[in-house]
Amino acid sequence: MKDNIISVKSLCKDFGDIKVLKGIDIDIENGEKIAVIGPSGCGKSTFLRCLNCMEDPTSGSIMFNGVDIADTSVDINIHREHIGMVFQQFNLFNNKTVIENIMLAPVLLRTKKLKKQKRKNFFAKLFRKYDKIVELETTEDEIKNEARERAYELLRRIGLEDKADVYPSTLSGGQKQRIAIVRALAMNPKVMLFDEPTSALDPEMVGEVLDLIKQLADEGMTMVIVTHEMGFAREVADRVLFMADGVIAEEGTPAELFDNPKGERTRQFLKAVL
Amino acid sequence: MSSWNLFYERFITKGGYETVLSGLLATVEIAVLGLAIGILLGTVIAVVKVMPKYNTLPKVLNVICDIYVAFFRGTPMVVQLLIGYYVLFPALGIMMDAIVVATLIFGLNSAAYVSEIMRAGIQSVDPGQLEAARALGLPYKTAMLRIVIPQSIKNILPTLGNEFIVLIKDTSIVSFIAVVDLTKAFRMIGDANYEYVIPYLFLAAVYLVIVFAITMGIRAMERRLKKSER
Ligand SMILES: Nc1ncnc2c1ncn2[C@@H]1O[C@H](COP(=O)(O)OP(=O)(O)OP(=O)(O)O)[C@@H](O)[C@H]1O
Ligand SMILES: [Mg+2]
């Protein structure tokens with residue numbers, strides 16, 4: 001069996017009476033880069049947002065980490081920590097500085113776990129179950145310092161460490177998006193989901209963002225990218241999915257799909273965008 | 001004696017200023033604590049209103065909040081005060097100072113209004129902010145508390161300031177349940193000689209000064225908030 005990181009079966013999503021996704025099946029291998037293309041409104045964003053349950057699937061299953069996260073009884077927050085998401089509109093936290101944006105989630109989530117362990121230890125002590133006490137591996141200060149170091153490391157990587165203490169409103173779109181990407185990386189995700197990461201950018205800033213994504217791809221990050229940048233999809237993707245009307249109408253390697261499209265709809269779409 | 005001299009005698013020589021000061025304190029206390037309760041409870045109600053409602057619990061909470069808001073917005077505050085002081089708390093067997101009852105009622109009443117303000121504030125924040133927080137794995141509550149609500153407070157600060165001014169002025173009705181507030185204090189000075197003109201003019205002036213000070217304070221806060229996030 002292959003090493004699948006995400007395995008989607010018969011995924012359907014309705015918004016009220018509108019059927020947006022009508023049965024999607026796909027296995028995503030560890031390290032695989034998948035580009036999703038297709039006409040506007042065909043359900044690309046909805047598909048991507050189902051992968052981390054930002055939209056709850058109406059039916060079907062999504063296996064991740066050996067758990068069906070489409071099942072609403074699982075705690076989705078635990079799994080979202082391992083699935084990074086990058087939005088078209090960046091969505092940096094406006095009330096936080098750049099460094100706070102990057103540190104926020106790692107610090108809060110790790111501190112929460114630490115506090116939970118402290119609580120458990122407290123009750124273990126209270127009931128004299130000394131064998132149940134787990135030694136704490138870290139402190140709140142340590143968590144903060146580690147997160148800060150990691151955040152600076154990530155900022156250095158994108159050459160923006162001098163922006164650590166400014167608020168997002170002062171940044172250019174390209175800077176915002178690169179920070180949004182490293183904010184997701186700070187959680188050390190196993191998969192990254194990108195929803196048209198360059199569509200809201202001025203043309204001169206598209207390159208810097210695509211370069212960063214390309215770097216991640218080269219480092220072996222598993223990623224699913226919804227994009228209108230066909231050149232980029234061809235260059236980076238291992239597999240391209242062409243979506244139409246809520247299904248994957250055609251899929252293949254970039255060479256297969258771009259140079260030898262089989263379906264009529266694929267041909268029409270490519271003719272319109274290329 | 002002229003009415004001015006009468007007032008001067010009452011206010012200074014006979015210690016009327018002490019009553020006025022303690023009345024001022026009562027007014028400020030009721031309004032400040034009332035607003036604090038209002039903001040806390042109002043935020044909870046607002047979050048219940050904007051929460052996604054897939055499950056039964058949020059739906060039930062939503063109905064409760066609707067009834068709550070309808071009651072406090074649909075009845076005069078004097079009536080709420082009277083019910084609280086003479087009916088509700090005695091029926092529950094709780095003995096409380098009138099000023100405590102007044103503070104509580106002001107808080108509960110203000111929560112109904114603040115919840116509407118806060119809801120508009122939350123809805124004015126770009127939904128992408130909540131999405132980004134949730135996508136990082138933060139629970140709904142944490143995301144609201146750390147990201148959405150702080151941003152909405154900034155948006156609604158002027159409206160919250162108005163609510164505070166309304167509360168300050170509304171405290172003038174608490175003498176209905178025997179609290180000595182600013183209004184009552186000046187009336188007592190007038191009662192002494194049946195000379196009301198100067199005490200009531202002074203009373204109005206004091207309210208004006210308080211409201212003016214609050215307005216200035218709110219403006220300063222807004223400026224500071226604008227300066228950050230730069
Ligand atoms: N929350 C929602 N409620 C109702 N309908 C929705 C919702 N989200 C998406 N839709 C509908 O689902 C369909 C697919 O939307 P989706 O955003 O997935 O398309 P897309 O392929 O990403 O399009 P685009 O290329 O324009 O981003 C659209 O018709 C849209 O109107
Ligand atoms: Mg889309």
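1. Basis. In this predicted model, local features need pLDDT of at least 70 and side-chain atom pairs count only at pLDDT 80 or more, whereas totals for chains, interfaces and linings use all residues. Residues are numbered from 1 along each chain as its sequence is written, chains are lettered from A in the order in which they are written, and side-chain values use heavy atoms, without hydrogens and water.

2. Helix packing in chain B. Helix α3 (residues 56–74) and helix α5 (residues 98–124) of chain B have axes that come within 9 Å and cross at roughly 115 degrees. That makes α3(B) roughly perpendicular to α5(B) (65 to 115 degrees). Helices here are DSSP runs of H or I with at least four residues, and axes are lines fitted to C-alpha atoms over the stretch in contact, with angles from 0 to 180 degrees between N-to-C directions.

3. Residues at this packing. Tyr68(B), Val69(B), Phe72(B) and Arg73(B) of α3(B) are among those in contact with α5(B) (heavy atoms within 4.5 Å). On the α5(B) side, the residues include Leu108(B), Tyr113(B) and Glu116(B).

4. Chain interface. In the contact between the chains, 21 residues of chain B meet 27 residues of chain A. The count of salt bridges between chain B and chain A is 1 (a side-chain nitrogen of Lys or Arg within 4 Å of a carboxyl oxygen of Asp or Glu). Arg49(A) pairs with Glu131(B), with the closest N and O atoms 2.7 Å apart.

5. Salt bridge within chain A. Lys118(A) and Glu140(A) form a salt bridge at 3.9 Å, N to O. Lys118(A) lies in helix α3 (residues 98–126) of chain A and Glu140(A) in helix α4 (residues 140–157) of chain A, so the pair ties together parts 22 residues apart in sequence.

Terms used. Helix = DSSP H or I, 4+ residues; strand = E, 2+ residues; numbered from the N terminus. Parallel < 35°, antiparallel > 145°, perpendicular 65-115°, else oblique.
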